[in-house]
Amino acid sequence: MLLPSLTVFVFAAGEPLLAAPDPATPTLESAGLRLRFDPAHGSVTQFLDKAATHDHVDADSPFALWTAALADGRIIGPGEATRFSWRTPSGPESGLEFLWRGFNEVDLPGLQVTVRVRLTSSGATSRWKIALDGLGDRRLREVRFPRIAVARQDDETLAVPIWMGERCRRARQLLHAAGRPGRRQWEYPGLLSMQCLALYREAGPGLLVSTDDTAFLRKLFAVFGAERDGLAAEVVHVPSVTRDGEERYEPTYEVLATAFRGDWYTAAESYRAWAIEQAWVRESRRRRGLTPRWLLDTALWVWNRGRSPGVLGPAAALQAHAGLPVSVFWHWWHGCAYDSGFPEYLPPREGEASFRQALARAHGQGIHALIYMNQRLWGMTTRSWSAQGAERYAVKGPDGKLAPEVYNTFTRAPCASMCMGTEFWSRTYADTAEAAVGGLGADGIYMDQACSSLACYDPEHGHPLGGGAWWMDGFRRLEGDVRTRCAGVKDVVLTGEGCGEAWLPHLDAMLSTALHKKLHEFRFAESCLVPSGRISSRVPKPAGGPARRNSGAASRHSTSRPLQKPLQG
Ligand SMILES: [Zn+2]
């Protein structure tokens, strides 16, 4: 949203919280950075990387520093405030505090929006925080902050950690491809394996936008087009709300904007320095030595589908021929229709006795099998959908409605995403997993679409509405339940589609392919298996730290469609 040019602000002179109005431009300075802000609105007008003498901000297209969307659909920003002021807080760090008030015209007379920005003395990192007080009973849907118009550079590249990471050299063109400004955004935890994105010129300068959230709170990273071929970046914070609304909202984490010189790899290294110290790495199953040995020893994966003679037989032949440990990644073993009959997986399509006996023979040959079970979909045309009243436990949007998804391109039968915050879905999935592992002999479950998350607004589900950490809390409970139920039979292997730091403590392996560069793999290779390619060798352990690797082209494993169109260019 561009600010209206004629907006009039009244400075709050003499307020206890704020120093006397300063006629100068609000400026922050460190050895590495200089940040300047519009004295009338608070928009970022300069983000100068001093060493590179490069300003990352497109000063011709300033954006409102923040916007807030309310549940009633109204969107407010600095343009709705009648009073704006700033001050310099005391302390060793260079900092600024901005305050917007006077939202009477939008019926929020008690609202105060506070933004704090600070720089460390020596570094090239800025830290940003926002708080909204006095919301009353007005429910907040999302807050977009900070919003930065990014200056065009030659050889401009956008790098986004969409699972293994994607790189785009035509981001600005793609965001204006339809003749009007477009938008792309990705959720974390979920499609974003890491909480960051970067815009840079090859070999620098570059701008890394990240957050330091350790609680897996829902947020999205976005890039969008602006007038005059502009491009901007922002972080979308999705609060948890009650039916009665919340008086205050303040994300518990900060947004970091860091200047760097290099490319996507440099940006990933910068993020890695923080991420590698976090609990999800320390508590990853691989770091804790919990990953079953057979999974670590697998040299070749066979991805196949169908009945056991066509799946396990070729795997045994490959193992004999190669003289290497082979494991099986088994789709459409189940009796229900593919991509529409979930979760009616049982019995197997060839029959229970045949399936169980074939798996037992494979075990005798040292072959293990992961079987496919989608982690969140329920076919809306299945008998069980009606019989079990599954709709009640499916994800609902802000309008209270389902958002059906179609994956089976032949029948076009819709599926619904079940809510990870409901005990009903967790129990349903765990029941089936227990039957597949304990009853059939499967060695593990491939949880399709595992590394994704959704917001849900069904007040009957018992979780906070909207964002928060409840989706990951639900996944943690589901994982624990499945492992506990299977413990008496075997150490079940749980794997998932995609990859994400949030799932490192819960999944033994993650299935991702790299369209371009593999940001995630080198960063967390010591914490989780990330096989790549349909038949792949084990991920080598990097010596000392991340090592550059060539990223060979690989095709997608999943038979489900991608959750997000890939970046191109
Ligand atoms: Zn829900």
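What arrangement do the four donor atoms around the zinc ion make? Keep that in mind as you start the tour.

This is a predicted model, where local features need pLDDT of at least 70, side-chain atom pairs count only at pLDDT 80 or more, and totals for chains, interfaces and linings use all residues. Residues are numbered from 1 along each chain as its sequence is written, and side-chain values use heavy atoms, leaving out hydrogens and water.

**Stop 1: the zinc ion.** Select the zinc ion together with Cys-419 (SG), Cys-456 (SG), His-461 (ND1) and His-463 (NE2), its protein donors, at 2.0 to 2.3 Å. Donors here are N, O and S atoms within 2.8 Å of the metal (3.2 Å for Na, K and Ca); water is not among the atoms, so sites may look incomplete. The angles that the four donor atoms subtend run from 102 to 119°, so the arrangement is tetrahedral (four donors, all angles between 85 and 135 degrees). Along the chain, the donors follow the spacing C-x36-C-x4-H-x1-H.

Stop 2: Now colour by accessibility. Cys-456 is buried, because its relative accessibility is 0%, and His-461 is buried too, at 10% (buried means under 20% relative accessible area, with a 1.4 Å probe and protein chains only).

**Stop 3: the whole chain.** Zoom out and switch to cartoon view. You will find ten helices and 31 strands, which are DSSP runs (helices H or I, at least four residues; strands E, at least two), numbered from the N terminus. Of the 569 residues in the chain, 59% count as buried.

Definitions and conventions. Four donors count as tetrahedral if all angles lie between 85 and 135 degrees; four count as square planar and six as octahedral if opposite donors are over 155 degrees apart and all others between 65 and 115; anything else is irregular. Buried means under 20% relative accessible area, exposed over 50%, partly exposed in between (1.4 Å probe, protein chains only).
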